[in-house]
Protein chains: 2
Amino acid sequence: MKKHDQDFMKRQNRLTVFEIIKNQNPISRASIAKQTGMSATTVSRIVGELTEQGYILESEKVSEGLGRKSMLLEMVDASVLSIGVELDRHRMSIGLVDLQGNTVCSETYSRKDDESSDTTIERIAAVTGELLKRHSIERGRVAGIGVGLPGIVNNDEGIVVFSVQLGWKNVPLAKRLSELTGFKADVDNELKAKALSEHLKGAAIGSNRTALIGFGNGVGSALIIDGEIYRGAMNSAGEIGHSTVDPNGKLCECGKAGCLQTYINISSLLSEANHYRRIHSMEELFEARRAGERWAVYLIDRALMYMSITVNNVVCMYNPDSVILTGELIDKFPEIYEEVKSLCASRFVWEPLNGSFRFLRSELNEKGVIIGSGLMAQRRFFALE
Amino acid sequence: MKKHDQDFMKRQNRLTVFEIIKNQNPISRASIAKQTGMSATTVSRIVGELTEQGYILESEKVSEGLGRKSMLLEMVDASVLSIGVELDRHRMSIGLVDLQGNTVCSETYSRKDDESSDTTIERIAAVTGELLKRHSIERGRVAGIGVGLPGIVNNDEGIVVFSVQLGWKNVPLAKRLSELTGFKADVDNELKAKALSEHLKGAAIGSNRTALIGFGNGVGSALIIDGEIYRGAMNSAGEIGHSTVDPNGKLCECGKAGCLQTYINISSLLSEANHYRRIHSMEELFEARRAGERWAVYLIDRALMYMSITVNNVVCMYNPDSVILTGELIDKFPEIYEEVKSLCASRFVWEPLNGSFRFLRSELNEKGVIIGSGLMAQRRFFALE
């Protein structure tokens, strides 16, 4: 049972006013009061606090329309920054994220397959220090670090429980990163971070039920309900890569047969292609398909079918108002998005739910995880302050 | 943005106190204050209101343990009742549900396949009147009527959008039922009602992420998150019957191939069995299996495999802490529950999530929908009061 006392109400109201100014920037006090139903006094008190702390300022713009002209409130976008990190098997990207979810800067480094967690964490800490120095950012302005990565993450305790891609098991990432940098650290699954950023700043602004599906080195999904990430009991909700789509299918690395990921993730596709001839990359595979080579047509068409089935299964389970496709395969090969969209509409989505959702492409693309992780760190900061 | 003003806080606090007394009955004022963090004055004010309205009373029992003895508060279970209804193709059950989710009485009637919605609604109204009369229940004590049925329901407007089983399309059930009975009416999908009742009063008390899966005339699921039904954008979340589990599978009545329900719902199983020999019921089919007839062994084993796959797919998507199996097949054939449970553990649930949830059997069985629908009507009543 949630306690609805004065304190809780105050914190909630503060967060509400803060989010409204952030999202509707610039905005008048009167408009905030009208939208929230709070009294003018309450709004003014909160605005006063936020101004004093340097997060907002009164702009010179005046409100339009009839009635008394009034000063508008604006966010000081750079008053607080956070550090957003994306980790993947061969890559590590780090950026500074402002209050509006813009990346002030971001950099990408390569990462070795067998790089230990200690090394990776030390590198993140080092790059963080450099970035802050280079951009002359005071440490007091940093709300924290957020890290998104593929795998099962205990986000409450900041522990990477299990990541096939990174080769990590039970790594207390948040704790170590905090020790090295002095900042609070948050860790989450990359698709959950991505879904949050697309919901707040990308393709699905205004959606109440956003499902995001990632096709790339793995297959996964995430669901945002009323602005909150749906996590499930162990923060593993959306792990569809090992849902079964064909009980007579190929054996998966997990020990079951016919897991979704065996048909559509990059390494499975490449490994199968190499049964036929030497293929080094998805680009080569797509070239072969465009050239009409039957084996490549077969492999990709089958993958597209399973991607469409994935959309159907996610839609039947979550009944979202928006479905966002994302991931390396979607970013690199525009035909995938178009073909899956058309297959879904014509054949694979259950008729009563066909047309019940917006079919969207990720807008933040490769920046999505950095932004989402950065925003997570900020949300924690403001909720606790 | 939710408004967190005094009014909202008051309503929430009232509901919180009410739920605590309902669930921890009997309980002292001090214990309520301790659990909620509310002041003694606030608790006393709310308790006073509820007592005056006849929902609770001070019992003679005194609290145990050290400290001052104090009067305990008890719910007057029968102070408010609601009517819970379950509709299915061939059946209609109606009962009176008290505040604790007990059925004071319930009755089942047969329903013809082609019975019009008008006729069914008139029959519900007539039985409701009779029940109230027979049990001498004043109309003022009735919080409303709740109806649960298979199909897609617009629960906001009380419209049955689409129900294959009932043969209904766009039936304004709540409105018509209200007109005929004079009571507020709520309508929902049967599995959503059932999940709510199992969560509040049955197998999954205390769970925060309950997934319920129904195997019977159809296949479906429902998810309860923190005590609330997850509905999705159109109240269709959990409609897994048409998720695809084998792209090379049989054509489904929906026009797609390999839908889950083609392998496990009763009518599909019977229709397939009849390709081999005349079979009239699931009982006969199970008898044949027990007698070792190969075709029956094959059909049921395949169904059990797909049921286990269903559990895996639901677990991967929702990451629940509890999975409840329910529905006619589970209720009538105890071996199904046991075999699916064992297949899940040994072969079909993805290893990292194996053991991450409690595997449960429905406790309320055929009463689940009546109770859940009745409780839904009560929740609406108390939230609005």
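Author: Let us begin with the interface: 60 residues of chain A are in contact with 60 residues of chain B, where contact means heavy atoms within 4.5 Å. This is a predicted model, in which local features need pLDDT of at least 70 and side-chain atom pairs count only at pLDDT 80 or more, whereas totals for chains, interfaces and linings use all residues. Residues are numbered from 1 along each chain as its sequence is written, chains are lettered from A in the order in which they are written, and side-chain values use heavy atoms, with hydrogens and water left out.

Reader: What area is buried between chain A and chain B?

Author: Buried area is the accessible area (1.4 Å probe) that two parts lose on being put together, summed over both. Here the value is about 4700 Å², and carbon and sulfur atoms give 65% of that area.

Reader: Which elements of chain A give two or more residues to the side that touches chain B?

Author: Helices (H or I, at least four residues) and strands (E, at least two) are DSSP runs, numbered from the N terminus. In chain A the elements concerned are helix 1 (6-24), strand 13 (219-225), helix 10 (294-318) and helix 12 (334-348). The residues on this side of chain A comprise 29 nonpolar, 20 polar and 11 charged. In this count Ala, Val, Leu, Ile, Met, Phe, Trp, Tyr, Cys and Pro are nonpolar, Asp, Glu, Lys and Arg are charged, and the others, Gly among them, are polar.

Reader: How many salt bridges does the rule find across the interface of chain A and chain B?

Author: A salt bridge is a side-chain nitrogen of Lys or Arg within 4 Å of a carboxyl oxygen of Asp or Glu. Across this interface the rule finds 0 salt bridges.

Reader: How are the two copies related?

Author: Two copies of a chain are related by a rotation about an axis and a shift along it. Here a rotation of 180 degrees with 0.0 Å of shift along its axis superposes chain A on chain B (RMSD 0.0 Å), by least squares on the C-alpha atoms of residues with pLDDT of at least 70 in both. The two copies are therefore related as by a two-fold rotation axis. Moreover, 100% of the interface residues of chain A are also interface residues in chain B, so the copies meet through the same surface.
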